[in-house]
Amino acid sequence: MKQKLILSAGKKIGIVYRPETPRAYALAGEMAAWLKDRGYSALTAPEQKKIAGTQLMTAKDDKNLCLMVVLGGDGTYLQAVRLLAGAPTPILGVNLGSLGFLTQTREQDLYLNLEQTLKSKMELRARSMLEVKLKRKNKVIHTSLALNDV
């Protein structure tokens, strides 16, 4: 069943970019300025070099985002999923590599798709997630969410 994406009323958009790719960082800066021109606040994901014109995302921000934009590949997308820790924030994945199963938007379509997303004209595709617990001697020593890998 197709479902239209309805963004929350919030005006905060998180950005996760692939740090090893200079183009991803540059594109993140361009996109942050583009979002600001449209009345949105862009936030840089924690543990990443702060993008010009953004604030660093805090633990409480990940529950108040209306959207997360991922600039990279599937690994960067999975980083964003872990960062959101189960929050129902939609993710727009932009593929900056050659192949992306989770990051299906091409770089040249970023602004068109972002505009459509902000206007709630995109289709929402829910993904199943797992909660994984690592046990030793009947004691849970680690818990994590998994989308595509554990």
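Start by selecting Ile13: in strand E5, its bridge partner is Leu67. Now look at Ile13 again with strand E3 in view, where Ala42 stands opposite. Before going further, a word on what is on screen: this is a predicted model, in which local features need pLDDT of at least 70 and side-chain atom pairs count only at pLDDT 80 or more, while totals for chains, interfaces and linings use all residues. Residues are numbered from 1 along each chain as its sequence is written, and side-chain values use heavy atoms, with hydrogens and water left out.

Next, select residues 12–17, which make up strand E2. Helices (H or I, at least four residues) and strands (E, at least two) are DSSP runs, numbered from the N terminus. Of the 6 residues in E2, 5 are buried, so the strand is largely enclosed by the rest of the structure. Buried means under 20% relative accessible area, exposed over 50%, and partly exposed in between (1.4 Å probe, protein chains only).

Lys12 stands opposite Ser41 here.

Zoom out to the sheet. What is the order of its strands? Reading across, you get E4-E3-E2-E5-E6-E7, an open sheet of 6 strands with parallel pairing. At the edges are E4 and E7 (105–106), each pairing on one side only. Two strands pair if DSSP finds at least two bridges between them.

Now bring in helix H1, residues 22–37, which makes a right-handed β-α-β unit with E2 and E3. Right-handed means that, with the strands pointing away from the viewer, the path from the first strand over the helix to the second runs clockwise. H1 lies across E2, E3 and E5, at about 170° to E2. Axes are lines fitted to C-alpha atoms, for helices over the stretch in contact, and angles run from 0 to 180 degrees between N-to-C directions.

Helix H2, residues 74–84, is worth a stop too: its buried residues include Tyr77, Leu78 and Val81. The buried residues of H2 pack against E2, E5 and E6 (91–95); contact means heavy atoms within 4.5 Å.

Select Gln48, in the loop between E3 and E4 (55–56). Is Gln48 buried or exposed? Gln48 is buried, at 9% relative accessible area. A polar atom of the Gln48 side chain lies 2.4 Å from the backbone oxygen of Tyr17. Beyond four places in sequence, Gln48 is in contact with residues including Ile15, Pro19 and Gln79.

Finish with the rings: the structure holds 2 aromatic pairs. Tyr17 and Tyr25 have ring centres 5.4 Å apart and planes at 65°, so this pair is edge-to-face. Trp34 and Tyr111 form a tilted pair, 5.2 Å centre to centre with 50° between the planes. This pair links distant parts of the chain, with Trp34 in H1 and Tyr111 in helix H3, 77 residues apart. Rings of Phe, Tyr and Trp (its six-membered ring) pair if their centres lie within 6.5 Å; planes under 30 degrees apart count as stacked, over 60 as edge-to-face and the rest as tilted. Colour by accessibility and you'll find Tyr17 buried at 3% relative accessible area, Tyr25 partly exposed at 25%, Trp34 buried at 15% and Tyr111 partly exposed at 27%.

Definitions and conventions. Polar contact = N/O pair within 3.5 Å; in protein donor to acceptor, adjacent residues only side chain to side chain.
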